[in-house]
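Hi,

Here is the structure I promised to pass on.

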Amino acid sequence: MADVTQILSQIEQGDPSAAEELLPLVYEELRNLAAAKLAHEKPGQTLQATALVHEAYLRLTGRNTNECWENRRHFFAAASTAMQWILVEAARRKLRLKRGGDRKRVELEDIAIPLNKSPERLLSLDEALERLALQLPEAAEVVRLRYFVGLSIEEAADVLGVSRATAYRHWTFAKAWLQSELDK
Amino acid sequence: MSDLSAARSIFLRAIELGSPDERSELVHAACGDDSELRGRVDALLKAYDDPDSFFDGPIAGDASQGDAPTIDLPKMSERSGTVVGRYKLLQEIGEGGFGVVYMAQQTEPVERKVALKIIKPGMDSRQVIARFEAERQALALMDHQNIARVLDAGTTEAGLPYFVMELVKGVPITKYCDDNKLTPRQRLDLFLPVCRAIQHAHQKGVIHRDIKPSNVLVALYDGCPVPKVIDFGIAKATQQRLTERTMFTELGQVIGTFEYMSPEQAEMNQLDIDTRSDIYSLGVLLYELLTGTTPITQNQFREAGLVEMLRTIRETEPPKPSTRLSETGDALATISAVRQTEPVRLAQLVRGDLDWIVMKALEKDRSRRYESANDLAADIERHLHQEPVLAAAPSASYRMRKFVSRNKPAVTTAALLALLLLGFGLVSTYQAQVAKRSETRARLAEQDAKQSLDREQQARTEAEEDRVRAELAEATATSNKEQALDQLARSEYEQARAVRLLGEPGARFQALDLLNRAEELRSRSSIQAMLEANSSEAVLPTQPELRSEAVAALLKADGHVTHQWDGMTHGVSPNGIFLGSLWIDPAAMSGGMRVVDVQSTQRIYDESGEAAKKVLGIALAVGPDGKRLAAFQTDGHTIKLIDTTNHKVERTLSMPEKATASGRDMTFSPDGRWLLVGSGILNAKLVLWDLDDGTQVEGKIIGEVKQMPVASTAFGPHGKLLAWASEAQEVILWSLLDGKEQKKLGLPLRLDGGIDFSSDGTTLVVHGFDRKQEGSAGKDNPSQIRQGSLLLWDIQDGKEIARYSTSLAKLPKLLDLSDDGRRVAIGQLTGSIDVLSLETGEHFPLNHGAMLQTIQWTADSKQLITAGPGKAKLWQLSDANVLKRRTLETRSGEATITRFALSPESKEVAVEFAGVSKVGLFELGSGRRLTELENPSSASPTTWLTFVPGGEQLLRFGLREILLWNLDGDRKPRRIELKEYNELFYSVGFLSDGAMLVGGQKAYVPEVINLLSGESVWSREKRMLGASVRVSRDGQLVVSHDETFETHPRSIAVRKLPSGELLSQFPSFSNAWSISTRIEISPENRWVLELGTAGPILPFSGHAMGSAGIVNALGADDQPWEAVLWDTQTGVEYWRVAGNSTANAVVFSPDGRYLAISQRDGKVLLWDVAAKQELFNWLAWPQVTSQPVLSHQIAFTANGDELVATDEGSPAIILLSLKMLKRELAEMGLGW
């Protein structure tokens, strides 16, 4: 708990390298949460990306995401990336199972509960996002926040510190660009 | 970057506009001639308009839970119950390329069910409606039982155009036929009314433009199948132009439409569409009904781009239906079955009349098609009534003309000739046949019986003709295939080159792969010999080309991923043999752990499902033998040790209470005895367990590291020590045996975590930043990337061994030194990795591509494992041993090497630097400075440096003087002036008695003198033209231009020394066009090489007579050169070689086998003289210079294994290992 608050305040004080340190922490918390839920909850339930992120925030800072907006923006920036990894990893695995990489029967039953999008598409999206991030990092970040954290465009704008109009333009463009990449 | 930004701004402007026309105008204006940009923007707009966006709906989890993102793009699809105009939508009944079709209820003026088609967004509704209105009158006039009437059109509230049609509850005609297994005859019966319907529409002035199975529905009326043509007028109204067809359809639908498109519709400018376009589409439909496939198949379209598809439609001549049937192979059984016909019988049925009917409808030239749909129908009826049909096999000459025009580039002269010869024969027999047939026709009424005979004969002629065509096609195909293979080889080669020049990570391996394939193709090519003989037309890359490219790729330090594992988190065993991975699928609520052997990729442990849930960790570590897996539990304070051989939890450890912060990393010690956990991200606690002590449950806190991950700790090799960077500048050495801190090391670096021991335990390797640098960069600009340093530190003596600079940012580091001590991999959380060679100081970047948590060399030190969230990767790394760079231990001012000489055993190198009055002697293996020699002549030019054969003396040849140092003696320079000689000296012969002979010319008279005594040994006693004089290294021969001003032709003479006896004589290179610039004698005096300018001398590009190793090129332009090798004994020409840029240095390998010539363009060209083979060229000096660079010197090492050159821009010597290159290239089939 102390770590996250400390890192967040370091970022606030203008130490950009601190943001790098937030990422492993958030990633670990998310994966911790996912694993814990897995161990304690009944099969058949699905985890929701957005809910996971919010719960992770609560656990790491002891605060509710609805309060103290300033503090959570950096957290969400890290969480969007971490969540993308988690989902992409899951998609990869699913794809491998589909191709018969694993033979365990139990797992084959597990995959009956699908990601809402086909894993191939999700992986393509992941790759396309990486490419977009190389050229227009801000636009890619809007997509991540919108998609993997579930923020509204307005909230994403606040996280990134850009105007809402800019965020909308990013979103509109990124969506079309990603779609065109996926259609290739 | 600018590209995407530009596309972005145009796109954002375009979507503000409503109509496609306005958009298109804007895009056109904004993109100008930039078709690539235009393509990008178009794709963006297409995606923007795509209603089936990937971004509709949440990415994971249950959509109904409401928290998931939704899309704010207006959805086009209307829901059931919506009222559109006078119609109430009931249900969606179909979705086509450009719209969605609903069943709808009309309430007034009559109550009935109708089909309502809503056009997808992206079209200007007003224009669509206007075009529809224009044709409305004509549409209203249509009244035919096989046409579904178009009733109405309008605009929805959302502004989308819609059409209302008579509702047809039918299925596409092709589906109906197959479902009901109609025979060919029944199919024709069903096709005829379709023709009549089209004829009716044509008579009313309506062209359908989009006839395809989905627009010809078959419905049952009173149990009878009745075909109905739907969608009349819609293609016109929506004015589907080519771009729109592609824009508004997904790939499958594009194909669906394109297959029925007539050649004239496939023209880019398709203004001129008439009724015959519909005839073509009817032909396609008939073709499909008979054969089950369209004339141009989906496969032909699948990989093609738009332009290629259109070209195919316009140009590709489809096979006759009967031919297609015989080609379908296995599918024929199915196709026949749904036609209730035996496979053999089906082809027979179709062959002949039906072939010609279909092909006539499908003529590319519409004037050759049936003039009307009725004509088509009539011919089918004639066939059904066994009457002769109008359609006939096209004449042989017509078909031949078409054949040649289609295959023009491919048909060789020979093939053409053969074709013509055969053609004449065919034409005459065929014409006879035609005459015969018309006669038969005339008597048809009374002589029905003869008809079948005629048919039989015609069939035979056709069969013969087909056979000839097939043979010709096969011949052409073989030649085409050869050419295609050569093209492919060329393209692989070009690709390899492009990949290498692009230089993306992994390029080296990719390029080598491509070259390997190119070589395979090259070696298989049968016309290789022919092409090599005529190199100007060579498509096929030559072996030297491939080798040169491979050499360039081999010299690139690089790494690529050879295997990858998924997993949320990973743990690598300390010896780099095993990888443990944990995976969780949150959506599926499943997870598991596995351990793999990295080299064999074999799984040695795999647990998932319920069993895994009990032990599933959030961090993993694997023991050195792979038998023990440590899993940090989700409770945050216990660790389960799992025996991977029996899947049992062997022990549970617990974290001390004070170390429960989030963020954990674990590792085993190399001997497997210790387990170390780092807990927390900032000021992480280090917790240690002695696993040999079976009683220890709770871990012991032994220290604190500033930042995680745990890689910022290192176990010593003998299980005695553990080291970590405690505070920013201190390394703590912790004794595992005593259980306490042994020593604190203060290092001259601000450490950033990366630390490792050498495998003998004597040296620490750490990464950090220079303290001064850090201070000066200050807090004002914290994001500035500072140069990092890697430090090798002697633990015993407490002093610095070496320091290397790295290019990584100031972030926590992971570091691993390979067990062989040759390389260090330094990584940081962001995924960037620097691989540094401790031998050469060279480094190259890799990128893990995601957050990095572990970095570890494999046990053999050849591969690297990187792991982090999502993936673990195994990298194969190039070993930079083909090229070595020896940085010389220089003094200040010693920056540019002007000359160097290798000692006889190549252990030492003597180097003269520009503007330095000393000649340095260095050890070649290490670059260490041995000694230095006074050089009083440093201000005047040197031609070359050379050691005497025993190595005890060094000679420097300068302008009319020679310096000589006795290396065994006082090392003082001895200066010998040779003032009378008006030439620089380039050769010296060493006699066994210690005498040194140099050759030169005094007032154009060639002479050889004894250097030490000054005596003349031999003289020609005549003035000679171009009087170059060379003495062989053994002092036995003198080679000189032997041309008086009177003699012609000019010649070179080889004479014995000191007798002057003529051994051989041959013509000199010099003639009216080119001048001789160089003479060289190969080792053991086997060959004499003369080098000259190839072709006319370019202005200002004369080559001055050069020194050994150097031809001083003076001009600004590149002057191609040529060289001839003569047999010294016989004077017979042995071989010629050439190059395209001004020649610089010329050297033979000590055994005389290899010849290397450097050029001004920075390349060194290498030949195998003994095998008369060009080997490769090596770009030793990549920087382009317009001036001749005298320092571009080359040499061979004494054993001939390495080619040595000066480095570009640094006081270093580079060594290219020919031995290793040869081995690497041989593996690719490119050896010599």
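Let me start with an annotation: the UniProt record, an unreviewed entry, has a "binding site" that covers B:Lys117. Please keep in mind throughout that this is a predicted model. B:Lys117 sits in strand β4 of chain B, which runs over residues 112–119. Is B:Lys117 buried or exposed? Its relative accessible area is 7%, and the cut-off for buried is under 20%, so B:Lys117 counts as buried.

Some background on chain B as a whole. The chain has 26 helices and 65 strands. Of its 1232 residues, 56% are buried. The chain exposes about 52000 Å², with 49% of that coming from carbon and sulfur atoms. If you take the contacts between residues at least 6 apart in sequence, 52% of them join residues at least 24 apart.

How do its residues point, and are they buried or exposed? B:Glu1202, B:Val1204 and B:Thr1206 point one way from β64(B), while B:Leu1203 and B:Ala1205 point the other way.

- With β63(B), residues 1194–1196, the pairing is antiparallel over 3 bridges. B:Ala1195 has B:Val1204 of β64(B) as its bridge partner. The hairpin of these two strands has 5 residues between them, and B:Gly1200 takes a positive phi near 75° there.
- With β65(B), residues 1212–1217, the pairing is also antiparallel, over 5 bridges. Here B:Thr1206 stands opposite B:Ile1213. This hairpin has 5 residues between its strands too, and B:Gly1209 in the turn has a positive phi of about 70°.

You will find it in the loop between β17 (638–643) and β18 (648–654) of chain B. Although in a loop, B:Thr644 is buried, with a relative accessible area of 3%. What does B:Thr644 touch, leaving aside residues up to four places away in sequence? Its contacts are B:Val595, B:Ile604, B:Tyr605, B:Gly626, B:Lys627, B:Arg628 and B:Leu629.

Cheers

Definitions and conventions: Residues numbered from 1 in each chain as written. Chains lettered and ligands numbered in written order. Predicted model: local features only at pLDDT ≥ 70, side-chain atom pairs only at ≥ 80, totals over all residues. Heavy atoms only, no water. Buried < 20%, exposed > 50% of the residue type's maximum accessible area, 1.4 Å probe, protein only. Helix = DSSP H or I, 4+ residues; strand = E, 2+ residues; numbered from the N terminus. Pairing = 2+ DSSP bridges. Contact = heavy atoms within 4.5 Å. UniProt positions renumbered as here; feature names shortened; annotations may be inferred. Areas by Shrake-Rupley, 256 points an atom, 1.4 Å probe, with all protein chains shown as cover.
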